[in-house]
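Please look over the sequence and the fold below before reading on.

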Amino acid sequence: MSQSDMLFDAKHIWHPYSSLIKPVSCYSIISAKGVYLKLKNGKKIIDGMSSWWSTIHGYNNPILNKALKKQIKKISHVMFGGITHPSAILLCKKLIKLTPKKLECIFLSDSGSIAIEVAIKMLIQYWEALGQNRTKILTIKNAYHGDTFGAMSISDPNNSMHKIYNHFLPKNLFANAPCSNFNDHWNSNDIISFKKIIKKNIFTIAGVILEPIVQSVGGMKFYHPIFLKKVKELCQNYSIPLVFDEIATGFGRTGKFFAFEHANVIPDILCLGKAITGGTITLAATLTSRHIANTISNSSTRCFMHGPTYMANPLACSAANANIKILEKNQWQEQVSNIEKELNINLLPLINHPRVIDVRVLGAIGVVECSKFINLELIQNFFVKNGVWIRPFRKLIYIVPPYIISIEDLKKLIYIIKKSLDQNIFFI
Ligand SMILES: *Cc1c(COP(=O)(O)O)cnc(C)c1O
């Protein structure tokens, strides 16, 4: 990778949320193994991000690689219209087994955002089949559900990422996000706004969509499980389907296999993505109940109207099967709980730093909320120089490391975060 390649990249290739005039600075990664990303100069840095919550078993994992190689020799891709294949069937069997009994009908798609679009379409078609024109989705503020239009329309309307498109987006309903934190006492006022909106719009709400417990990109907040219980009660009272977006939290990240287990609340539709293939290939799934699937299938159209070209891609399905096989050994529980312990011991005390307003830990998620906005460019450079990969946003420095990280490497991530807090120039 030459200097001119890097200039080409900066001039021609968009990166996530970036400008082509003032491109984000990029680091070239030539390979990776375990929790280490290798830079082009040969330097290895510890990954604190799991490539956005996905690489839970580390990079270049031999079991995932083996599954991919085995599949590639048979078939890399085949259309899913009129055709099925063993890897998709095995994956759907596994997903049905892993999720609550009620969820038994599966739509496979390409990415998290699309899994959300699919869920929204299911809700609209469900009510259409029942002869009702319901088009509003109820959610809460500070939500993030992806970057496609339907997903943006239920993400925080004041989020700077999506604000530009507001005039184009369907108008959905936003209740106040709960203020009671995961470990706080439950404040019953937290449900008032949600209750008011649901009562006022009983006959236009098609469904409720929430990220259970963890609001990720919307501020890395962990809210109280009782909020989900109250939401479920209201949804049941008014027969409104409840959708959980477990795209970030699914597959063990919060210490439970699914975050909704913290509240013992079961959704009618469940969206999965990110870690589903152990961070190897893009794949997502939307699961629902027989009741919703049958209702949609009894409608005038009788079909669920979605069908991506790469639906149920065999390579992605076989990677997902291998990922689940690794998880089934159940070491993730110990791995996540060891990460949580270490974060509690060494990350939580950063609360005493004058620049920090809050530190939160849940499972293998550690969040440091600073009092000022962070200069991403400068802090990123500092992190890489010091041998770690952490990508903060707004006022938040957070880590979601691979489950296989050693305590020693985790200590290093925390230590470098601590060091970064002492540098004035990183905070605006
Ligand atoms: C990442 C994410 C999405 C979107 O998934 P993509 O694969 O990036 O489209 C949706 N919801 C949540 C909670 C996410 O974290």
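What follows goes through the salt bridges and then turns to a nonpolar patch.

This is a predicted model, in which local features need pLDDT of at least 70 and side-chain atom pairs count only at pLDDT 80 or more, while totals for chains, interfaces and linings use all residues. Residues are numbered from 1 along each chain as its sequence is written, and side-chain values use heavy atoms, with hydrogens and water left out.

Across the whole structure there are six salt bridges, each being a side-chain nitrogen of Lys or Arg within 4 Å of a carboxyl oxygen of Asp or Glu. One of them joins Lys102 and Asp268 at 2.7 Å, N to O; because Lys102 sits in the loop between helix H4 and strand E4 and Asp268 in the loop between strand E10 and strand E11, the pair ties together parts 166 residues apart in sequence. Helices (H or I, at least four residues) and strands (E, at least two) are DSSP runs, numbered from the N terminus. Asp268 is buried, at 14% relative accessibility, whereas Lys102 is partly exposed at 33%; buried means under 20% relative accessible area, exposed over 50%, and partly exposed in between (1.4 Å probe, protein chains only).

Strand E4 also holds Glu104, whose side chain meets that of Arg290 in a salt bridge of 3.1 Å, N to O. Since Arg290 lies in helix H10, this pair links parts 186 residues apart in sequence.

Finally, Phe149, Ile164, Tyr165 and Phe168 make a nonpolar surface patch of about 430 Å², where patch residues have over 30% relative accessible area and no salt bridge, like charges being joined within 9 Å and nonpolar side chains (Val, Leu, Ile, Met, Phe, Trp, Tyr) within 5 Å.

Key
Areas by Shrake-Rupley, 256 points an atom, 1.4 Å probe, with all protein chains shown as cover.
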